[in-house]
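Please read it alongside the sequence and the coordinates.

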Amino acid sequence: MIGKTHTITLTVDISRLAKTVGSGELAVLATPMMIAAMEQAASELLAQSLKAGETSVGTSIQVEHIAATPLGMQITATAAITGVEGRMVQFSVAAQDETGEIGRGTHTRVIVDAVRFQQKADAKRGAAE
């Protein structure tokens, strides 16, 4: 599993702008949207190796957003598996636009039983009432 990579491509549309998602006032790719693309790449990569009934959840991400990307430009987000410790999987993540690197960092996901995890999360709703 270590060394496997996966890349996704998307276009910076209005729904991904900082001024749209509330993370700033400019018409540039929002940092949370870049991070979401990195997580999507990691999640899709790990999903290729999971057993029936399993899924993964993100537990940690450390990312630098180092360059702005304007509306209409394409970006790619890539995840590479760098380590596996039991159910925990570590990734290096990076993003580029058509002119170069825009972000990089690390991400950790944990493999869980999908039904059990959802049930536990849903039970919090009853505990909060």
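**Strand pairing and core**

L10 has I75 in strand 3 as its bridge partner. The model is predicted, so local features need pLDDT of at least 70 and side-chain atom pairs count only at pLDDT 80 or more, while totals for chains, interfaces and linings use all residues. Residues are numbered from 1 along each chain as its sequence is written, and side-chain values use heavy atoms, with hydrogens and water left out. Helices (H or I, at least four residues) and strands (E, at least two) are DSSP runs, numbered from the N terminus.

- Strand 1 and strand 3 are antiparallel and pair over seven bridges; two strands pair if DSSP finds at least two bridges between them.
- A second bridge partner in strand 3 is A77, which pairs with I8.
- The covered face of strand 1 consists of H6, I8 and L10, and the uncovered face of T5, T7, T9 and T11.
- In a regular strand, side chains alternate between the two faces of the sheet.
- Strand 3 and strand 4 also run antiparallel, joined by ten bridges.
- G83 is opposite Q90 in strand 4.
- The hairpin of strand 3 and strand 4 has two residues between the strands, and G86 there takes a positive phi near 65°.

**Nonpolar core**

- The largest nonpolar core contains 23 residues, and I75 and F91 have the most contacts inside it.
- Such a core is a set of buried Ala, Val, Leu, Ile, Met, Phe, Trp, Tyr and Cys residues joined through side-chain atoms within 4.5 Å; buried means under 20% relative accessible area, exposed over 50%, and partly exposed in between (1.4 Å probe, protein chains only).
- Two or more residues of this core come from each of strand 1 (5-11), helix 2 (31-47), strand 3 (74-85), strand 4 (88-97) and strand 5 (100-113).
- Helix 2 gives the largest share of this core, seven residues.
- Leaving aside neighbours within four places in sequence, F91 is in contact (heavy atoms within 4.5 Å) with residues including A42, L45, L46, A79 and I81.

**Helix 2**

- Helix 2 has 17 residues and spans 24 Å from first to last C-alpha, close to the 24 Å expected at 1.5 Å a residue; the expected span is 1.5 Å times one less than the number of residues.
- Its buried residues are M34, A37, M38, A41, A42, L45 and L46.
- These residues lie on the same side of helix 2 because they cover an arc of only 165° around the axis, the arc being that of the directions from the helix axis to the C-beta atoms.
- Strand 1, strand 2, strand 3, strand 4 and strand 5 are among what covers the buried residues of helix 2.
- M38 counts as buried because its relative accessibility is 0%.
- Beyond its neighbours within four places in sequence, M38 is in contact with V63, A77, A79, V93, A94, A95, G103 and R104.

**S56**

- S56 belongs to strand 2 (residues 54-65).
- Its relative accessibility is 8%, so S56 counts as buried.
- The S56 side chain makes a polar contact with the R109 side chain at 2.8 Å; a polar contact is a pair of N or O atoms within 3.5 Å, where within protein one must be able to donate a hydrogen and the other to accept it, and residues adjacent in sequence count only if both atoms are side-chain atoms.
- Leaving aside neighbours within four places in sequence, the contacts of S56 include S43, L46 and L50.
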